[in-house]
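This briefing covers strand pairing, aromatic pairs and charges over rings. The structure comes first, then the notes by topic.

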Amino acid sequence: MAQPYPYTYYSCDCYDAKTTAGAAKRASAQLQAEDEDERTFDPRNPRSNFSLYPLEHLLYCEDCQQIRCPRCVIEEVLNWFCPSCLFEVPSSLVKSDGNRCTRNCYNCPICTSPMTVSSLDDPTNPSESGGPWILACPYCHWSTAETGIEFEKHTGITQQLSKVANGGKPIPTPKEREKERERRKELENRKSRDILSGSEDSPTQDQRRGDASPNLDDIYLNLAAFYKTQLVAQAPSNLFSPHDINFSSPSSYSRIMNLYSSTTSKKQRQKKAAPMREAALELEGLMIHDPSSDAAAIERIKKEGWGSTLSPAQKRAQPNPNIRFDTELRPVASLLMTKRGKRCRSCRHILSKPESKITSTRYKIKLLALQHIPRLSLRALTPTPPPGAPAATPFDYNALRSGIPAHFILHVSNPIFDPIRVTLATSSTTPGKVASRVTILCPQFEVGANTDVWDDALSSSLTPVKRASMLGPDGMPQIEAGKIWDRGRNWTSVVIEVVPGFLKDPLKKEDEELGEDEDVLEIPVFVRLEFESDVSAEDRGLGDSLGKKGERERREEAFWTVIGVGKIAPM
Amino acid sequence: MSAQPAPRPSAERRASNLQKRVSVLPKPTSIILDPSVLIAQHAQLTGTHPITIGPNTVLHPHTKISSVQAPVVIGEGVVVYEKAKIGVGIGADTESESRRSSIAPAAGSRDSMRGDGTVLGPNVVVESKAIVEAAEIGEGSVIEIDVVVGKGCVIGKFCTISACCVLPPNTTVPDFTVVYSGSQRRIDRTIQSRPELQQAKMLMHAKQIEIFKKLIPNNVAKWT
């Protein structure tokens, strides 16, 4: 979050340590908690880095009356949709079909841009169905025609794609594969029997060898089927133990029924179950590495050149990442995106909920910290030049000068509808290697309520402090301790004096290397708000009637902020 | 236009002393136009070397063709979009530093010994803000928006130079190549292996030229 200076970060105190304190550690945890409160917030601490956020990143839970940062919210998925076709996919389909679009949205495997379905039709002699269709990339001009895939119709690309391999060869459906597998199993059994009987090789063996090596889908399905048979064949160790009995498996069910069936059934010999084993044959899903495929790949690279191979990023995006050449590329289906809502981690109150319509960016519920927490912002106080003089150079936040006091205006604006009393606290020197002295000239002040403009104009409000009258004899504005600088309808500004520290101690002889970002001047400020607000409906007691509307409740909020002022320039 | 009956200064001197009063419009005999060419208003043809424009070409408004340093030959059916610049030496004022990220590594020696000059083949499309100083561009190629093609480049036919790419001087781009993402290249095998796709593309191109002829008012009389 590299923001230009000056910036303000708010600290969310959602420590995990506080919630996981065990009984034995309670004493130490309490001590630690107290320590935390007393110690000043150190923005240089690596742990504090994770709790600092700009105000725009924070949400606010009204029930807990606390800031919620992105770490202490729970996200839940509202709906899934495809970013190219903007079609909503129900979550049940996402669970079964996967998290990619199953319609016509594909990304180019070479350059990842979305592909269009184009027709190879001859414009002078158009055919009936619109000619064969291909997926073409409008950016790098890759198309499925390069891998030999053409479609008959322009919808249902996913189905058509799953049936065609590169080069136009058809891929069998799972049912056909099942049949193929059964058939091969029969051949295996027959072959082993043949060997035992010493007969010649059957012609079916040659047929098997003639098939091309199984592709990844085949191997996966074979392996899955093999594991299923292994699980089913596993007999339970104790028939009556509730863990082992799998009532959905037909074999164990039939075994139990056999026990309770007719007493005249012959006792079946308890077969010792064979331990589960891994796949041993190609039919069971074993991938046997063929060194000739490596030699073939090398020959191919020699012939076609380096340009025909794939980059690691292209391989990772593919469904089969073990391919090597561009003729094996398949179009990549678009990943689905989600719309998410956020909830408070402790009370599960909904903090943000977008509209369920996919194309709208609005939110139904939006509880922002911006609407509940005052915004602190810093600005350098530059003396206004007298009229006629040339304009002063703009303040350079990247080059603060060590040892020279600089004044800044801290502007506090109040978003809530009640006036608040703000107390600011900071240690006199900033923590860290470079110690700068900080003084807040007016630590306690009031900020007006965020009322409508008309309300304010009608009622007699506080007279605005006139800055012009405060100019001293030399034209520099007079800064008085204990007085605010300026005030408006819902904001107040006060002056902070900062003396940036020295980057290198001139007394020390050793040359200490300054770490990264140690020359950034950051001021931790503890902000405490006190205000009175209407009692919320849930806090009212059961016996209260509705007549007590005017009851006001005192509320207090406190948090740490870190104000980044700028970089101290080396001398 | 300054009419000087006295012996004119040499062509090089005229081109280099560009004062406001001195016109750099080429002499009428050094522009050879086909009658079917469409030149829109505010197009500029400058320079003293001959400029040849083939039939059915469309020059959109604010295009600049400069033959100040070398002759320019534009084939038939070429479409040049707004603010494109064609001609050797025309891109001299572009900041090449800002394009550092998209510049391809420069070719070592000169890939082709060609005489100076720019030749655009038939049916080439040069899109907006492109700067073409190339020696030759093959037929059917598309130079997309904001591309800089350096001096002496040779681009094959049916190539596509994608938007914002920069081709350093003297690079050769073979036929059917797509230059994308700054400096990456690949051969577009789809169009290479199917001549019917090439024909379909040329058909669409011809249709587009017809529509331009209907929409853009023709200012070719200024140059004939």
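In chain A, strand S1 (residues 7-11) pairs with strand S22 (residues 552-567) in the antiparallel sense over four bridges. Strands are DSSP runs of E with at least two residues, helices are runs of H or I with at least four residues, and both are numbered from the N terminus; two strands pair if DSSP finds at least two bridges between them. This is a predicted model, in which local features need pLDDT of at least 70 and side-chain atom pairs count only at pLDDT 80 or more, while totals for chains, interfaces and linings use all residues. Residues are numbered from 1 along each chain as its sequence is written, chains are lettered from A and ligands numbered from 1 in the order in which they are written, and side-chain values use heavy atoms, with hydrogens and water left out.

**Strand pairing in chain A**
- A:Tyr7 stands opposite A:Gly564 in S22(A).
- S22(A) also pairs with strand S21 (residues 520-534) of chain A, in the antiparallel sense over 15 bridges.
- In that pairing, A:Glu522 has A:Gly564 of S22(A) as its bridge partner.

**The sheet in chain B**
- Seven strands of chain B form an open sheet with parallel pairing, in the order S1-S4-S7-S10-S13-S16-S19.
- Its edge strands, S1 (31-33) and S19 (172-173) of chain B, each pair on one side only.
- Within chain B, strand S4 (residues 51-53) and strand S7 (residues 72-74) pair in the parallel sense over three bridges.
- B:Thr52 has B:Val73 in S7(B) as its bridge partner.

**Aromatic pairs**
- Rings of Phe, Tyr and Trp (its six-membered ring) pair if their centres lie within 6.5 Å; planes under 30 degrees apart count as stacked, over 60 as edge-to-face and the rest as tilted.
- By this rule there are seven aromatic pairs over all chains.
- A:Tyr7 and A:Tyr9 form a stacked pair, 4.6 Å centre to centre with 25° between the planes.
- A:Tyr7 counts as buried because its relative accessibility is 8%, where buried means under 20% relative accessible area, exposed over 50% and partly exposed in between (1.4 Å probe, protein chains only).
- A:Tyr9 is likewise buried, at 8% relative accessibility.
- B:Tyr81 and B:Phe212 have ring centres 5.9 Å apart and planes at 80°, so this pair is edge-to-face.
- The pair links distant parts of the chain, 131 residues apart: B:Tyr81 is in the loop between strands S8 (79-80) and S9 (85-86) of chain B, and B:Phe212 is in helix H3 (residues 195-215) of chain B.
- B:Tyr81 and B:Phe212 are both buried.

**Charges over rings**
- A:Arg103 lies over the face of A:Phe87, at 3.8 Å from the ring centre; the criterion is NZ of Lys or CZ of Arg within 6 Å of the ring centre and within 35 degrees of the ring normal.
- A:Arg300 lies over the face of A:Phe325, at 4.2 Å from the ring centre.
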